[in-house]
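Hi there,

Here is the structure I promised to pass on to you.

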Amino acid sequence: MSQVNDDPFKSPTASQQMHRPPGEGNSGLILAVAIINYVFGGLQLACGACTIIFGAGFSQMMISVANEDPNFNAEGKAAMGLITVFVIAFGVVTALLGLPVILAGYGVQCRREWGRILSIVLAVIAAFFGVVSLVGMSPICLVYGGYAIFTLIVLLNSDNARMFR
């Protein structure tokens, strides 16, 4: 006759469940934070590059149209050149802001304390932008808010924090 302990359909009790040793957090969640940082940083770099390429191209197209129009004055042409400079600068800043996010992902993946701190700071900034975009009724607030909440929950967990050196 079979014993109760050999029953494969019996639910484990609290004493039979596997417990992680102290200091051994959930490394899968930490890896997920690193991957999310890589994805967000890559998207930000791509958005910056697209802004530079397409924004500057569109501005130059508008300048060439303005040059063909005899009614377009010199101040208008100068303003179009200034708009081109602002679009390129915006694209460069957007792309450069993606670099710390990728760097934070690398730091979290390597379990470095600086990567954890940088990710927490970026999550707080994302939470701020999430609240600001929530006021504007923008759906991007869900992305910012979800990133911030997930990152803060995972990286501020004391078991997970012990894994960083």
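This is a predicted model: local features need pLDDT of at least 70, side-chain atom pairs count only at pLDDT 80 or more; totals for chains, interfaces and linings use all residues.

Residues are numbered from 1 along each chain as its sequence is written, and side-chain values use heavy atoms, leaving out hydrogens and water.

The largest pocket is lined by 17 residues, and F40, Q44, V101, F129 and Y144 lie nearest its centre. Two or more lining residues come from each of α1 (27-68), α2 (74-109), α3 (113-135) and α4 (140-155), with α2 giving the most, five residues. (Helices are DSSP runs of H or I, at least four residues, numbered from the N terminus.) By class, this lining has 15 nonpolar, two polar and no charged residues.

Now to the outside. I117, V121, I125, F128, F129, V132, I140, V143 and Y144 form a nonpolar patch on the surface, with about 770 Å² of accessible area together. Such a patch takes residues with over 30% relative accessible area and no salt bridge, and joins nonpolar side chains within 5 Å. Both α3 and α4 give two or more residues to the patch, and α3 has the largest share, six residues.

V121 counts as partly exposed because its relative accessibility is 42%, and partly exposed lies between buried (under 20%) and exposed (over 50%), with a 1.4 Å probe and protein chains only.

Enjoy exploring!

Key:
On a 1 Å grid over the protein atoms alone, a cavity is a set of points where a 1.4 Å probe fits but cannot get out, and a pocket is an open set with protein on both sides within 12 Å along at least five of seven lines; lining residues have an atom within 4 Å of a point. Ala, Val, Leu, Ile, Met, Phe, Trp, Tyr, Cys and Pro count as nonpolar, Asp, Glu, Lys and Arg as charged, and the others, Gly among them, as polar. Patches are made of residues with over 30% relative accessible area and no salt bridge: like charges are joined within 9 Å, nonpolar side chains (Val, Leu, Ile, Met, Phe, Trp, Tyr) within 5 Å. Accessible areas come from the Shrake-Rupley method with a 1.4 Å probe; for residues, only the protein chains shown count as cover. A salt bridge is a side-chain nitrogen of Lys or Arg within 4 Å of a carboxyl oxygen of Asp or Glu.
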